[in-house]
There are 2 protein chains.
Amino acid sequence: MSAVQAVLFDTFGTVVDWRTGISTAVRAHHTGIDADAFADAWRARYQTSMEPVRRGDRPFTTLTRLHRENLTATLDEFGLRLTPAETDRLNRAWERLPPWPDSVEGLTLVRRHRIIGPLSNGNVGLLARMARHAGLPWDVVIGSDVTRRYKPQPEAYLRAVTLLELEPAQVMLVAAHNDDLAAARAVGLATAFVPRPTEHGPAQTTDLAPGSDWDVVAADLVDLAHRLTPRS
Amino acid sequence: MSAVQAVLFDTFGTVVDWRTGISTAVRAHHTGIDADAFADAWRARYQTSMEPVRRGDRPFTTLTRLHRENLTATLDEFGLRLTPAETDRLNRAWERLPPWPDSVEGLTLVRRHRIIGPLSNGNVGLLARMARHAGLPWDVVIGSDVTRRYKPQPEAYLRAVTLLELEPAQVMLVAAHNDDLAAARAVGLATAFVPRPTEHGPAQTTDLAPGSDWDVVAADLVDLAHRLTPRS
């Protein structure tokens, strides 16, 4: 652990609570629909929308733009009619997601001894505005539009390592998702799991526990900071 | 000015005092040579070393690596013999440059209302470690290894604008160098000049005053913050 010089964090679900953020934004402006169901439906299009980019069938497209396309489809699905300006405003809800209660304190503690940043499928603009809103004290913001790859593609992890001028074993990925950690470990990064058992709501059945012998398993990001040996 | 959503800063010379930082590092470990002259000689190779990359005659190479090559040449020039480990250590002096006295306060004030970041020929790892050491509160760190271009190439500015999901007129470059500002203005960025009359030492003759009608001319970065109208 003392070799780890940078700790990078999956963001959506691990650091911020996207479901609460999106459903709150939906509820604030649009009555008469199930806001939680809307948030789930919008997010359900997330992985699918990145697939053509991962396969190389579509040129790299930012997550802001994919979110916007997915929002249009979700609005249709729910029979909601919004103006383009209203649609843009709702799409910006991804920049105003609330952190989990332990996130800011945990990141601040980890940052005392290591470089910290997101390692997210979000793009730089989205992640930078999210960080300002949520108070996330990143040292660096390496977005997917920097690596030009969407996790779990290996280059998404390895290009971040290269930009930090480090070796894979000197970088740790922290995530609430076992598949993300498996992809990071496969290319040599250190790994830490934190459970976020309500990321998908009260009935969540996935990622409730570590799926492998990750280097660190922590209760939350404050606990993670305490488990990481300080670097001298 | 109220349109400006992000303020990006040239770094070497504008935010940090490279000559003092480098000469101090040289003086600390190597006696019997003129440390100021060594710093000047090392830096004098800076622009030249980027030229083959700008022309496309050399694949993109990070500034950390160019600095290392230039250091080897400068050591030869001064007849200094260092081990590879000592050379690496001295090369890291670029990560520990001191900020000008007004830099941290000025950046902190500008950051209240706008996204801030470096727009530097430095690379992400170098800039991130510099920021941690000097206490520079960047929101984003867009290095030259992200844009894959060295200023004053137009794409160095425009790719940073794109990553922030902004238009050129929504981004301001702050620099102590008139040529940098001219290149930024040529592609549509807002511009601010701050003089750093001792960047090159007490006998400096260049960039003592603004060379054009830049959008803002400020005495230092704190003055810059006061001159930028707050965004509501």
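The dialogue below takes up the sheets, the helix packing, the relation of the chains and the backbone.

Author: This is a predicted model, in which local features need pLDDT of at least 70 and side-chain atom pairs count only at pLDDT 80 or more, while totals for chains, interfaces and linings use all residues. Residues are numbered from 1 along each chain as its sequence is written, chains are lettered from A and ligands numbered from 1 in the order in which they are written, and side-chain values use heavy atoms, with hydrogens and water left out.

Reader: In what order do the strands of the sheet in chain A lie?

Author: Strands of a sheet pair through backbone hydrogen bonds, either parallel or antiparallel. Here, helices (H or I, at least four residues) and strands (E, at least two) are DSSP runs numbered from the N terminus, and two strands pair if DSSP finds at least two bridges between them. In chain A, five strands make an open sheet with the order β2-β1-β3-β4-β5, and the pairing is parallel. The edges are β2 (115-118) and β5 (216-217) of chain A; each has a single partner strand, so one side of each lacks a neighbour in the sheet. Four bridges link strand β1 (residues 6-9) of chain A to β2(A) in the parallel sense, and Ala6(A) has Ile115(A) of β2(A) as its bridge partner.

Reader: Which strands stand at the edges in chain B?

Author: Chain B also has an open sheet of five strands, ordered β2-β1-β3-β4-β5 with parallel pairing. Its edge strands are β2 (115-118) and β5 (216-217) of chain B, each pairing on one side only. Strand β4 (residues 190-193) of chain B pairs with β5(B) in the parallel sense over two bridges, and Ala192(B) is opposite Val216(B) in β5(B).

Reader: At what angle do α1(A) and α2(A) pack?

Author: Axes are lines fitted to C-alpha atoms, for helices over the stretch in contact, and angles run from 0 to 180 degrees between N-to-C directions. Helix α1 (residues 18-29) and helix α2 (residues 35-44) of chain A pack at about 120°, their axes being 8 Å apart. The two helices α1(A) and α2(A) are therefore oblique to each other (under 35 degrees is roughly parallel, over 145 roughly antiparallel, 65 to 115 roughly perpendicular and the rest oblique). The contact (heavy atoms within 4.5 Å) includes Trp18(A), Ile22(A) and Val26(A) of α1(A) together with Phe38(A), Ala39(A) and Trp42(A) of α2(A).

Reader: How far apart are the axes of α4(B) and α5(B)?

Author: The axes of helix α4 (residues 63-77) and helix α5 (residues 84-91) of chain B are 10 Å apart, at an angle of about 120°. Hence α4(B) and α5(B) are oblique as well. Among the residues that meet are Leu71(B) and Leu75(B) in α4(B) and Pro84(B) and Leu90(B) in α5(B).

Reader: What rotation superposes chain A on chain B?

Author: Copies are superposed by least squares on the C-alpha atoms of residues with pLDDT of at least 70 in both. A rotation of 180° with 0.0 Å of shift along its axis brings chain A onto chain B, with RMSD 0.0 Å. The two copies are thus related as by a two-fold rotation axis. Of the interface residues of chain A, 100% are also interface residues in chain B, so the copies meet through the same surface.

Reader: Where is a cis peptide bond found in chain A?

Author: Most residues other than glycine have a negative phi, and most peptide bonds are trans. Lys151(A) and Pro152(A) are joined by a cis peptide bond with omega of about 5°; Pro152(A) lies in the loop between α8 (144-147) and α9 (154-163) of chain A. Arg148(A), in the loop between α8 and α9 of chain A, has a positive phi of about 60° although it is not a glycine. In chain B, a cis peptide bond joins Lys151(B) and Pro152(B), again with omega of about 5°.
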